[in-house]
Structures are given as structure tokens and as C-alpha cells.
Amino acid sequence: MARNAIYAQSGGVTSVINATACAVIKTSRNHPHAFSSLYAARNGIVGILREELYDTGKEPSQAIDQLRHLPGGVFGSCRFKLGPPEGDDPNARRLFEVLQAHDIGTLFYNGGGDSQDTCSKVSELSRRFDYPVQCIGIPKTVDNDLSQTDTCPGFGSVAKYVAVSTKEAALDVQSMCETSTKVFILEVMGRHTGWIAAAGGLAGNGPREPPHIILFPEIAFDRRTFLRQVVRTVKQVGYCVIVASEGTRDAEGAFLAEAGTKDAFGHVQLGGVGTTIARMVSDELGFKHHVAVADYLQRSARHISSQTDLEQAYAVGEAAVNAAVAGESGVMVSIKRLNDEPYRWETATTSIKRVANVERNVPRSFITNNGFGITARARRYLSPLIQGEAYPPYRNGLPLYRGLLNSLVPKKLPAYGEL
């Protein structure tokens, strides 16, 4: 007899994560013999703990189709960490109480590295609690730092946004540099890896074309070398465009912009690397400067999403359901690159244990010898990911974004306490 399944979104959302949700829902409806009902958790695993489950079966097909165009996370997301499987985490026990109460036999968990860690833990806990649950991880992260996959859905669209923004802002600065701004700094996401910053390099092609400097977490920041490069660029070109990863750090590994607080996963909170760098430029060089922080704009900009990214986001959701139907568990769907030009790829699955808590850095071969740019090899990798325009429908000059009914399933257990 078919059991129920549940889908949850976790971590920072993207402009295309709802395309994955669309695929999971539509594909599961094609397999009524495998899934009695598909629920969606409100705010990720937190929604499971609180027994806040949406019944996706009540959503009309047209509304599900429109999820392809909707940014953000239609079911809500979270940052929440389960304790180690071998411990006595009350949240783990509660999780399985809810799964059992609602006869849930399959978990689709859509997120990045920490989310894949959660999915891996649930897979292990399934054996400990003697309650069988298929656990299928679905990749999603704008940071593009998951291992065992060529790229991560969500990244291609951020890469496109950053490359376009860098190109357009550079033209603005170029127009005004004679009597105004000499240095423009775009701060982008990337705590430990510089994939997003690297994407800014697609805006130009050559030492005189912007961005003139890219700051990667993978390359130790040297103040003197950096300032010399800024001066050299302004003298040669007239202005300097910098794309700076928020995770830029010095030779000792200290972040240039550590805020002194931590998030739910214990990660150091960052903010203001652009301002920190601008202060150096102002205090030591005297150049007029401007700082822009892409922040949430880069990951929510559905109006400029990459068609490649949209297609891959849908494909991993479809592949996740097919993997569950085929009996797989403890795996994450991955994207396998088959060719650069023309770009060809396919989906596969990999052990989720190989993915959880493993960050993939930008290879040194993708970064120029001076540490401030991207190589031809990086361009071959990045360029296909930003190809194609996937505009949402518009009405009255604005994108037409529609959500879902999100009807909650009746609860069967006592309310849960504070998480």
C-alpha cells in the first residue's frame, strides 16, 4: 500500500527553487501507486517538528505550473540543525513521531550542504528508530559549493545577475570616472567559496575590461598587493571595478568583515566587506568610491534567471521523485556535465554522505596567477550556466507572481514546545 511523502525547502532560497517544488509535485502525481499523498513542510524541517504540513493534493494543476516563475520559497524555509544521530536529540524523536503519525515514508529535502547533512541524519535515524523512511536530497544553493555535482540549481541565476550587474554598473562608472567615482565595489555572497564572485568575471574579457579585481575567499587577501592593483588599474583604465566575496579573508584566515555573531548553524555572520575595502581605498589612496551590496537581490531576481538554471532546477526535482520510485534512499540528486560546447548535462544520484558538510571550493586553476581574475577554464565552466532568458509572465509592468493555497493537514499529535 502506498505511503505518504513530504517535500521541504531548507536554507537560503533561490529564484528557481520553486521550479524544483513544481517538478516534485507534478512528478509525484504521475505515480499514485508510489505515493498516497505528497505533503509539504511549512518552513522546512521546523514545519515537520511543529506538525505544520501542507496538502499539495489540494492545489490545482495550473497553480503548480506557475511555481516555475515564483522566486522565494513557496512553502517557507529554515535554518535548523538536528543533533548527531547517535545522541538523544528530542527533536529527532519528535520528527519520527510526526512522520509515523502521518504515515510518511519518503522525505524529499531541498537545500544546500547543511540541508544535505539533515537529510543524511534522518536517513541514519530511520534505522535507529526502526521506521523506514526513504531520504532523497535535492541540491539547491546559490553558493554552488556542494560536492559530487557539477553545479547547484540556484547558482546559474545568481551568476547571471552578478555578471549583468557588474557589466552595467561598470558602464555607469566608466561614464563618470573623469570627475567622479574612481572605484566601484560590488559585494556578493560567498562565505567560504568564491563561485558567485567568479561569475562577475564573465562581465568582461581582458585585463582592461571590468571587473578589474575579483576577491575570492580561496585567495588570501593582501592589503598592499590589493592597493597596488587598484592604483595600477585606475592609472591604466581610469577607473577600477571590484567584485568582492563576503567571505574574503586574510592570510591568517580571518574574515575581513566578521560581524561577531553566528547563525543557527554556528556559522560566523558576515557583513560589510565592501565597506571595509572602500575604507582602505579612501584612507590610503584618496579615491572617490561607491559600494553596492547585492545581498538578497542576487538570489531573488527571478526576472533575470538563467534558462539553464531553471531547467536544471526542474530536472533535479523530477529526478528525485523517480529515484524514490526506483527504491533509492540516502542519496542526493546530482548534475553531471557531459560537454562544455555545446553544453550537455544529465542528472544522476550520489551517496548523500559524500555531500553532507563538504564544501567545494573554486579550483585554483579557475583563478588567474595574480589571484584577481578568472581563467579561460573558469569561463568554459561558468558560461553555459548563465545561458538563456527565462522571463516570468508580466502584468502592468510587473512580474506576475502567484502563491498556493497552502492548506494545512489536520494535526494528530500534541503541540510541540519551543525549538
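A note on the model: it is predicted, so I kept local features to pLDDT of at least 70 and side-chain atom pairs to pLDDT 80 or more, while totals for chains, interfaces and linings use all residues. Residues are numbered from 1 along each chain as its sequence is written, and side-chain values use heavy atoms, with hydrogens and water left out.

**Aromatic pairs**

I searched the whole structure and found nine aromatic pairs. Rings of Phe, Tyr and Trp (its six-membered ring) pair if their centres lie within 6.5 Å; planes under 30 degrees apart count as stacked, over 60 as edge-to-face and the rest as tilted.

I took Tyr54 and Phe75 to begin with: their centres are 6.1 Å apart and their planes at 35°, so this pair is tilted. Tyr54 is in strand β3 (residues 53-55) and Phe75 in the loop between α3 (61-65) and α4 (90-101), so the pair ties together parts 21 residues apart in sequence. Helices (H or I, at least four residues) and strands (E, at least two) are DSSP runs, numbered from the N terminus.

Buried means under 20% relative accessible area, exposed over 50%, and partly exposed in between (1.4 Å probe, protein chains only).

Next I checked Trp195 and Tyr381, whose ring centres are 5.3 Å apart with planes at 50°, so this pair is tilted. Trp195 belongs to helix α7 (residues 195-200) and Tyr381 to helix α12 (residues 376-382), so the pair ties together parts 186 residues apart in sequence. Both Trp195 and Tyr381 are buried.

**Nonpolar cores**

I counted as a core any set of buried Ala, Val, Leu, Ile, Met, Phe, Trp, Tyr and Cys residues joined through side-chain atoms within 4.5 Å. The largest has 40 residues, and Phe155, Ile196 and Ile374 are among those touching the most other members. Helix α6 (155-176) is one of the elements giving two or more residues to this core, and α6 gives the most, with nine.
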